[in-house]
Amino acid sequence: MATMESLIGLVNKIQRACTVLGDHGGEGMSLWEALPSVAVVGGQSSGKSSVLESVVGRDFLPRGSGIVTRRPLVLQLHKTESGAEYAEFLHAPKKRFTDFAAVRKEIADETDRITGKTKQISNIPIHLSIYSPHVVNLTLIDLPGLTKVAVEGQSESIVEDIENMVRSYVEKPNCIILAISPANQDIATSDAIKLAREVDPTGERTFGVLTKLDLMDKGTNAADVLEGRAYRLQHPWVGIVNRSQADINKNVDMIIARRKEREYFETSPDYGHLANKMGSEYLAKLLSKHLEIVIRQRIPSIIALINKTIDELNAELDRIGRPITADGGAQLYMILELCRAFDRVFKEHLDGGRPGGDRIYGVFDNQLPAALKKLPFDRHLSLKNVQRVVTEADGYQPHLIAPEQGYRRLIDGSISYFKGPAEASVDAVHFVLKELVRKSIAETVELKRFPTLQNDIATAANEALERFREESRKTVLRLVEMESGYLTVDFFRKLHMEPEKKQEKNANPSGPNNDRLNDNYLRRIGSNVNAYIGMVCDTLKNTIPKAVVYCQVREAKRSLLSNFYAQVGRREKERLSAMLDEDPQLMERRTQIAKRLELYKSARDEIDAVAWK
């Protein structure tokens, strides 16, 4: 079996490591909370500071009137085999304090750094470790003294704030409560006992400490309390005789003070029969022994918590990614795998596995038809414009049979209007694809840790989309130009021209020049051209989407990162490393997880080794 000192010393070591790593919980119980510690609770001027100093054997806590302890002090005592005593603060880890007057000053200064030179409080703890051959292994938490009224300079909520802060510590099931009460006050009015009874009604976690026994009125004593008759606890009460104010003023050594305390109990007619169970030295040993028992009881649950946390940390490391290897070939493989992961997400958007690809169909089903309907054919094929175009096409000689050049010019002019909607469709699909690239990068979990690679992939993908857009623009414009370059002759052969000729003969007895002014004649030309343009519109409504999908969507699915793959394959190892440059916050997060993982694994192994050897 492990010795009491080694087991509690291990707990102290693990708690300190948890403190350094900031592992104080979050969701669920943290390892720090799972390991037992002792919270010192009492009203103002109850003698809390004197009890702590007696246990430590050093005069190191700030003193004064009112609220002196304005921040929790997490005090870890580490028993050493020999050597000089020294103290270390978590906020100054590289500095050793051998002068305990300097420790007192540092506690006061560090308190003021957070609260200012006021009487306000803060729940941010100060962490202090003391290494000495004269202490037992313990973790003690000195909490602000409970009070009933706010004094000048304090907020009205100070009473409630202090109680809430103290409760946040003592409500935890693994917290041992050291309830300090002065003997010269009625135990029924003790703030510490009242609070302990509320959070620990069975008294399993509460130790009662009675201070200031030497200051009771002559002829009275606290034997009823110390023997458990006035207020019974599961654990025995311990009486403490603090140093007198005169001893404090004279800086009487703690070792001498302890000797005087022993002498007081041994010679006291009221407490002599209890002398072997009284005093600060006995209290420290009692707490240490109880801690050992609690720790042994908690070992299975502590190990279970550690194993659960190890699994959670490993899962989080897997989620954010393990550290990157320095091998160039492995880095290239990793980059390509990350690109493929992005490509899979991108294709899922296009194919409907994720939302967004349907917007491309919306361009063809809504945007393109709406744009075609808005084309100004009515204006272009108005009687006035038809007359102008036909007249200009004939030049100085009037047409003899039909205004073929006029027809061709009217058709060319009308078809040119299709270029706008065709190019707009190309651009609309391009912007949808760009947005899908952005969303795909954001949704590719594997890429989140590599902002540089995200930018590189986004740049390469957008460059490819620009190439596809340009090719698509050329293709749809060719489709429009092809409609203009070769007209469908069958359409015009099927037109019934005889009624037109009869109309012309009846309406133009004076000769061909009057034909140009005949509204029916011009209206028929405009109607014929409009019918032909309608046929072309129906054709382009089908062929433009085909061209856009072929040149842009299909190519984006097939070869979005082809050029990027070729470039990456030729890059030097240094360039590959730069591409895998991670987000500094993520790197810091991984480092912290790795440290916590190491802590938990080490804690599990050490607890196993120490607890059962």
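Trainee: How do α16 and α17 run relative to each other?
Mentor: Here's the general idea first: a pair of packed helices is described by two things, the angle between the axes and the distance between the axes. Keep in mind that this is a predicted model. In this one, the axes of α16 (residues 419-443) and α17 (residues 451-485) cross at roughly 165 degrees and come within 9 Å. Angles over 145 degrees count as roughly antiparallel, so α16 and α17 are roughly antiparallel to each other.

Trainee: What is the handedness of the crossing of α16 and α17?
Mentor: The crossing of α16 and α17 is right-handed. Sorted by class, their contact has 13 nonpolar, eight charged and four polar residues.

Trainee: At what angle do α15 and α20 pack?
Mentor: Helix α15 (residues 404-416) packs with helix α20 (residues 519-559) at an angle of about 40 degrees, and their axes are 10 Å apart. That angle is why α15 is called oblique to α20. This crossing of α15 and α20 is right-handed.

Trainee: Which residues of α15 and α20 make that contact?
Mentor: On α15, look for Tyr407, Leu410, Ile411, Ser414 and Ile415. On α20, find Arg524, Ile525, Asn528, Val529, Tyr532, Ile533 and Val536. By class, the contact of α15 with α20 comes out as nine nonpolar, two polar and one charged.

Trainee: Where do α11 and α20 meet, residue by residue?
Mentor: From α11 you have Phe346, Lys347, Leu350 and Asp351, and they meet Val553, Ala556 and Lys557 in α20. The axes of α11 (residues 328-351) and α20 cross at roughly 150 degrees and come within 9 Å. As for handedness, the crossing of α11 and α20 is left-handed. Their contact holds four nonpolar and three charged residues, with no polar ones.

Trainee: On to cavities, then. How many of 30 Å³ or more does the structure hold?
Mentor: A cavity is a space where a 1.4 Å probe fits but cannot get out. The structure holds two of 30 Å³ or more, and the largest cavity has about 50 Å³ of space.

Trainee: Which residues line the largest cavity?
Mentor: Its lining is made of Arg16, Thr19, Trp32, Val74, Gln76, Leu90, His127, Leu128 and Ser129. The elements that give two or more residues to this lining are α1 (4-20), β2 (73-79) and β5 (126-132).

Trainee: Which element gives the most to that lining?
Mentor: That's β5, with three residues. Split by class, the lining of the largest cavity has four nonpolar, four polar and one charged residue.

Definitions and conventions. Residues are numbered from 1 along each chain as its sequence is written. This is a predicted model: local features need pLDDT of at least 70, side-chain atom pairs count only at pLDDT 80 or more; totals for chains, interfaces and linings use all residues. Side-chain values use heavy atoms; hydrogens and water are left out. On a 1 Å grid over the protein atoms alone, a cavity is a set of points where a 1.4 Å probe fits but cannot get out, and a pocket is an open set with protein on both sides within 12 Å along at least five of seven lines; lining residues have an atom within 4 Å of a point. Grid points are joined across faces, edges and corners, and a volume is the space filled by probe spheres set on the points. Helices (H or I, at least four residues) and strands (E, at least two) are DSSP runs, numbered from the N terminus. Ala, Val, Leu, Ile, Met, Phe, Trp, Tyr, Cys and Pro count as nonpolar, Asp, Glu, Lys and Arg as charged, and the others, Gly among them, as polar. Axes are lines fitted to C-alpha atoms, for helices over the stretch in contact, and angles run from 0 to 180 degrees between N-to-C directions. Angles under 35 degrees count as roughly parallel, over 145 as roughly antiparallel, 65 to 115 as roughly perpendicular and the rest as oblique. A crossing is left-handed if the near helix is turned anticlockwise from the far one by less than a right angle, and right-handed if clockwise. Contact means heavy atoms within 4.5 Å.
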